[in-house]
Amino acid sequence: MNAVPVFDIHDVTFRYPRCRVLDGASLTLSAGRFYGLLGPNGCGKTTLLDLMAGLKRPDGGTIAFRGRPLGAYRRRELAREIALVPQNFYVNFPFSVHEVVMMGRYPHLPRFAHPGADDHRQVQNAMAATDTERFARQSVTALSGGERQRVVFARALAQNTGVLMLDEATANLDIRHTLALLGRTRERVRQNGQTVIAVFQDVNLAALYCDELLFLQDGRIVSQGPTETVMKVEILQAVYGVEGRIRPHTEYGLPQVDFKR
Amino acid sequence: MAVRTGLVLVVMNTTPTPDNPVDGLPTSANEAPDRHIRASRSVCGTVAGLGLILAAAITAAASLGYIRLPFPAVLHIMGAHLCDRPDWLAAYDPVWSVVVAEVRLPRILCSAVVGAGLAMCGVVFQGILLNPLADPYTLGVSAGAAFGAAVALLLNIATLGVFSVPLFAFAGAAATLFGVIYLSSDGSGLSSTNLILAGIIVAAILSAGLSFIKYVADEQVSVIIFWLMGSFAARTWMDVGLVAVAVGLGAAVCTFFARDLNLLALGERPAAALGVDFQRVTLVLLVTASLVAAVCVAVSGIIGFVGLLVPHLMRMLVGPDNRGLLPVSMLAGALLLLGADTLTRAVLPQEIPIGVLTALVGGPFFCYVFRKRQKEQAL
C-alpha cells in the first residue's frame, strides 16, 4: 500500500497565454506526511496545487494520483479525496457559517440526500477545531477576513479527505489561530495518515511543522527533502536571494533561519 | 402539470429526516441537526403556505372581473372541468363556465406560470453572475425579444399566424443569448464580469435598433410599444401549455443543479475543489434560464422587476440556499404577477400594461426594502 505514492508528478509544464509558469516540475509525495511548498512570489506554487487538485490540466508531463492518472478521476471523486483551502475567500451570498462548512460534505452526499448524523458530527468537529462554533448561525458575509478563512478551513476539514492542500491558508490569521490550525493539521497527519501539502511564505513556520520541504523556482522543483536536510543557507540564497543563518529552534531543535536585514 | 412536478421534487428534498443522536457526543454537538431540521421545516412551511395562498388567489382572481361571480360557483365550475363532470355545470349560467374556463383561467394561469418562471430565472441569474442586481434580462434576453417582436410587427409578418410575434421574439432572445455567450467566452471559459459586459453591449446595440424600428414604424409604433409593455390579455390555453412546459422543464433542470448553484457562490476554484464542473453547470443553467425567460417574454411581453425583486425578498425570508430559494421564489413570483395582473384586469378602472404596473409598484417597494435592510446591517 505504502509503496504507491499519493502523487507522482513527472516533468509537468503549464503555461498561461502570456507566460510559462511550470517548466518540467517533478515530485513525488508519500502518504501520511506534511509537505511544505516554498518559493518566491509568482513561481507557480498555486498553479502547481491547481494541477494536483485537478482544477487545471497540465500542458505536458504526467500526474499520477494514487497510481492512476489524475485525468481518469471524475471531479466528484477527486473532491472526496482532495480538499483545498484557497488563498482568497469570498462568499457572495449570506450563507450561514454552518451552511458553508456543510458544503464540505456535499461531495460525499448524493445530490438530493440530506446530511445524516455522521455529516453533522464531522461539521461540528471541524467547527470546533477551527474555533468557529460561536459563529455557526451568523452570516459568513458578516465575518472578518481571518474569521472567514477559518470557516473555509473548517469546510476543508469537514470534507474529510485523504489529501489536504493549504494555499497560504493561514495568511490572514492571528498567531494563536495559525499555531492552533497548523498543530491540528499536523495531528491529523500523525494520527489519521492524512497527506498535507501546504504553501507557505514564512520559511520558519514551514520548518516548524513540515516533515519535508519542496522549493519551487522558475517552474521547477529545485530541492526536495526532509526539513533538516534542505533547510540550508545555500538553498535559501539560491531560491529567494536572501542571506541568513540557520540555528536550531530553542524548544524543538528544528532548523530556523535568522535573516540578515 | 409540469410545474407542479418540479415543485413537488423540491418539497420532498426538504423534508426533514429524523437524525439519531450520536453516542458519546457533547450535547452541543446535537444542536446542529435540530437547527437544520428547523431550517428545512421553515422552507417546507413557506412552500406549503405560499402554495395555499396561490390556490386561493387563483380562485379569487377567477371570480373577479367585469362579471363578478360568487366564490363557491367558481370553485364548483373549476371542479367540474378538473373532474370532467359537465353535469355539475347545469346549475349555472353557461356564460359563467365560459368566462371562468376559457377567458379568465388561461390568463390567470399564464400570469402565474410566467411569474414563477421569471422568479426562477432571477434566482439562477443572481446565483451564476454572483450579482444580486442580476435579473432574467441581464444578458440581453429582453432586448433581443423586443427587437425580434418589433421586426415582426413592423414588417407585418403573419405567415405563422398568431405565433409570428412570439416566435420572432423567442428567436431574437435566443440569438442574443448565444451571441452574448460567444462574445464573453475566452480561452478559459465564461466569467461573470464578461457575461454582464457582453450583455450590456449587445442590449445597447439592440435597443438602438429598436429605437430605429420605432422611428420608421409610423402607425405601427403604438402596436410595438403596447407589446413591449407586456400583457396577459386574451391568453389561451395554448399559451398556458407553452409556458408551463418551458417553466416546468426549466424548474426540473434548475432543481437538479440547485446544490451546485450554492457552490458557485464560493467562486470557481473552491466550487471546482468541491466537485462541481464549474463551466458545464454555468453554461447549462445560463442557457436553461435564458430560454425560459425568452419563452416567458415571447408569451407575455417584457415584464420587469419580478425576476429581480422576488429572489431578493425570498432570500431574506428563507436564506440563500437555492434548494429552498427556488421553489419559494417560484411560488412568490406566481403570486406577485397573478396579483398584479388581477389588479390591472379587475380592480383598476382602466387596464394598465402589466410591465408598467410591476415596475411602478415593485420599484418603490424594492427601494424601501433595500433601505431598511441597509439600516439593519449598519446597526
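Buried residues make up 49% of the 379 residues in chain B. A residue counts as buried if 20 or more other C-beta atoms lie within 10 Å of its own, as exposed if 12 or fewer do, and as partly exposed in between, with C-beta atoms placed from the backbone. The model is predicted: local features need pLDDT of at least 70, side-chain atom pairs count only at pLDDT 80 or more, and totals for chains, interfaces and linings use all residues. Residues are numbered from 1 along each chain as its sequence is written, while chains are lettered from A and ligands numbered from 1 in the order in which they are written.

Chain B has 15 helices and zero strands. Helices (H or I, at least four residues) and strands (E, at least two) are DSSP runs, numbered from the N terminus. Of the contacts in chain B between residues at least 6 apart in sequence, 77% join residues at least 24 apart. Two residues are in contact if their C-beta atoms, placed from the backbone, lie within 7 Å.

One helix pair in chain B was examined. The axes of H3(B) (residues 71-82) and H4(B) (residues 94-129) come within 10 Å and cross at roughly 70 degrees. H3(B) is therefore roughly perpendicular to H4(B) (65 to 115 degrees; under 35 is roughly parallel, over 145 roughly antiparallel, the rest oblique). Axes are lines fitted to C-alpha atoms, for helices over the stretch in contact, and angles run from 0 to 180 degrees between N-to-C directions. From H3(B), Ala73(B), Val74(B), Ile77(B), Met78(B) and His81(B) meet Trp96(B), Ser97(B), Val100(B) and Ala101(B) of H4(B). This contact has seven nonpolar, two polar and no charged residues. Ala, Val, Leu, Ile, Met, Phe, Trp, Tyr, Cys and Pro count as nonpolar, Asp, Glu, Lys and Arg as charged, and the others, Gly among them, as polar.

Between the chains, 27 residues of chain B are in contact with 30 residues of chain A. Helices H2 (31-63), H10 (258-264) and H11 (268-273) of chain B each supply at least two residues to the side that touches chain A. H11(B) gives the most, with four residues. That side of chain B divides into 14 nonpolar, eight polar and five charged residues.

In chain A, the buried residues of H6(A) are Leu181(A), Leu182(A), Thr185(A) and Val189(A). Seen down the axis of H6(A), they fall within an arc of 95 degrees, so they line one face of the helix. The arc is that of the directions from the helix axis to the C-beta atoms. On the other side, Arg176(A), Gly183(A), Glu187(A) and Gln191(A) are exposed. H6(A) is followed by Gly193(A), whose phi is positive, near 70 degrees.
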